[in-house]
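This report goes through selected helix contacts, salt bridges and surface features of one model. Terms are given with their cut-offs where they come up.

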Amino acid sequence: MTAFVATTATQMEVPTWVWYLTVGLMAAVLLFDVFIIARRPHVPTTKEVSIALAFYIGAALLFGLGVWYFTHDQAGGKFATEYYAGWLTEYSLSIDNLFIFLLIMARFGVPEKLQQSALLIGIIIAIVLRGIFIAVGAAAINQFSWVFYIFGAFLIYTAVKLGKEGESDDEEYEENRFMKWVERRFPATDKYDGAKLFTHVDGKKLATPMFIVIMALGTTDLLFALDSIPAIYGLTKEPYLVLTANLFALMGLRQLYFLIGGLLKKLVYLSLGLAVLLAFIGVKLILHALHENELPFINGGEHVKAAPDIPISVSLGAIVVILGVTTVASLWKSRKDERERLSAS
């Protein structure tokens with residue numbers, strides 16, 4: 001019995017047991033991580049994070065091949081291409097998250113050996129919250145085709161905001177309103193007590209800085225999900241692919257944090273690249289909405305046949321080019337600035 005059954009060339013049917021198996025395996029991997037880190041909080045070595053990251057990336061690539069194997073007879077590789085496009089997009093947006101994570105760690109002075117614990121719990125919170133967002137997004141899309149207009153407009157708005165920020169040179173973490181409320185609501189100490197979220201001081205139960213850090217990491221990722229979930233629904237309408245692309249993008253985020261922490265500062269054009277990427281997907285969503293239009297005040301409620309529906313293969317190619325150019329241009333700019341700094345000193 002195959003795991004995936006494509007009933008048509010445009011729809012994937014995933015048996016319930018496959019959903020349970022997927023979520024169960026991901027949960028088992030996370031629990032293994034929690035068990036290992038809880039037993040031995042430490043600063044991971046480069047070798048350790050490189051092996052783990054290679055495993056997660058390899059698993060993500062193999063999963064895409066599995067999607068292709070089980071669906072290519074009916075869909076011709078369409079679903080696998082959608083998965084890879086979604087995973088690359090989510091991964092690139094997650095890298096942008098890492099820069100904010102670095103600022104949060106610095107802002108709260110998290111000891112290096114506790115950063116793994118904070119990241120892992122924060123990522124688990126992010127996975128749960130994204131799962132809710134994915135379910136809500138799938139329900140909205142199934143009920144209202146016009147939701148793509150909203151998704152597309154929101155992504156273009158976000159792209160304009162990112163583009164105005166220019167180079168990724170933020171140096172301070174600005175707390176959101178929820179975090180300010182948390183800090184007012186929960187009496188806290190400024191002393192860490194290992195990885196504990198709460199501790200007792202003079203008979204009073206107080207939140208530790210670790211609790212505040214984890215809440216900051218989780219809520220920050222939730223804000224990023226407001227961009228990433230509409231973005232991936234612009235590449236695939238399959239909730240299973242949306243979920244797995246998000247899971248694989250988040251699973252290796254902790255290792256990526258330790259591996260490329262210094263490199264992140266060299267990706268000076270990351271915000272501009274992501275702005276172009278989100279704008280492209282936003283336009284794609286609006287064109288798709290026009291192509292499937294049912295709103296009575298647009299073209300009399302009829303489909304706008306002149307609106308092109310951008311193929312997923314073109315989308316995947318555009319994503320690879322945008323991210324590639326962004327990375328190369330960022331590294332070139334960083335080297336140029338470093339040479340100028342050295343020559344001036």
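## Basis and terms

Buried means under 20% relative accessible area, exposed means over 50%, and partly exposed lies in between, with a 1.4 Å probe and protein chains only. Lys333, with a relative accessible area of 15%, is therefore buried.

The model is predicted: local features need pLDDT of at least 70 and side-chain atom pairs count only at pLDDT 80 or more, while totals for chains, interfaces and linings use all residues. Residues are numbered from 1 along each chain as its sequence is written, and side-chain values use heavy atoms, with hydrogens and water left out.

A salt bridge is a side-chain nitrogen of Lys or Arg within 4 Å of a carboxyl oxygen of Asp or Glu. The count by this rule is five. Helices are DSSP runs (H or I, at least four residues; strands are E, at least two), numbered from the N terminus.

Lys333 pairs with Asp337 in one of these bridges, and their closest N and O atoms are 2.8 Å apart. The two residues sit four apart in helix α12 (residues 312-344), so about one helical turn separates them. Asp337 is partly exposed, at a relative accessible area of 30%.

Lys336 and Glu340 form another salt bridge, with an N to O distance of 2.9 Å. Both residues belong to helix α12 and are four residues apart, about one turn of the helix. Lys336 has a relative accessible area of 29% and is partly exposed; Glu340, at 41%, is also partly exposed.

Which residue forms a salt bridge with Glu90? The partner is Arg130, and the closest N and O atoms are 3.1 Å apart. Because Glu90 lies in helix α3 and Arg130 in helix α4 (residues 112-143), the pair ties together parts that are 40 residues apart in sequence. Both Glu90 and Arg130 are buried.

Ser92 also lies in helix α3. With 5% relative accessibility, Ser92 counts as buried.

Two packed helices are described by the angle between their axes and the distance between the axes. Axes are lines fitted to C-alpha atoms, for helices over the stretch in contact, and angles run from 0 to 180 degrees between N-to-C directions. Angles under 35 degrees count as roughly parallel, over 145 as roughly antiparallel, 65 to 115 as roughly perpendicular, and the rest as oblique. A crossing is left-handed if the near helix is turned anticlockwise from the far one by less than a right angle, and right-handed if clockwise.

The axes of helix α3 (residues 78-107) and helix α8 (residues 239-251) come within 8 Å and cross at roughly 40 degrees. α3 is therefore oblique to α8. Their crossing is right-handed.

Helix α2 (residues 46-75) packs with α8 at about 165 degrees, the axes being 9 Å apart. That angle makes α2 and α8 roughly antiparallel to each other. The crossing of α2 and α8 is left-handed.

## A nonpolar surface patch

Patches consist of residues with over 30% relative accessible area and no salt bridge; like charges are joined within 9 Å, and nonpolar side chains (Val, Leu, Ile, Met, Phe, Trp, Tyr) within 5 Å. Accessible areas come from the Shrake-Rupley method with a 1.4 Å probe, and for residues only the protein chains shown count as cover.

Trp17, Leu21 and Leu25 form a nonpolar patch on the surface, with about 310 Å² of accessible area together. Trp17 is found in helix α1 (residues 16-39) and counts as partly exposed at 42% relative accessibility.
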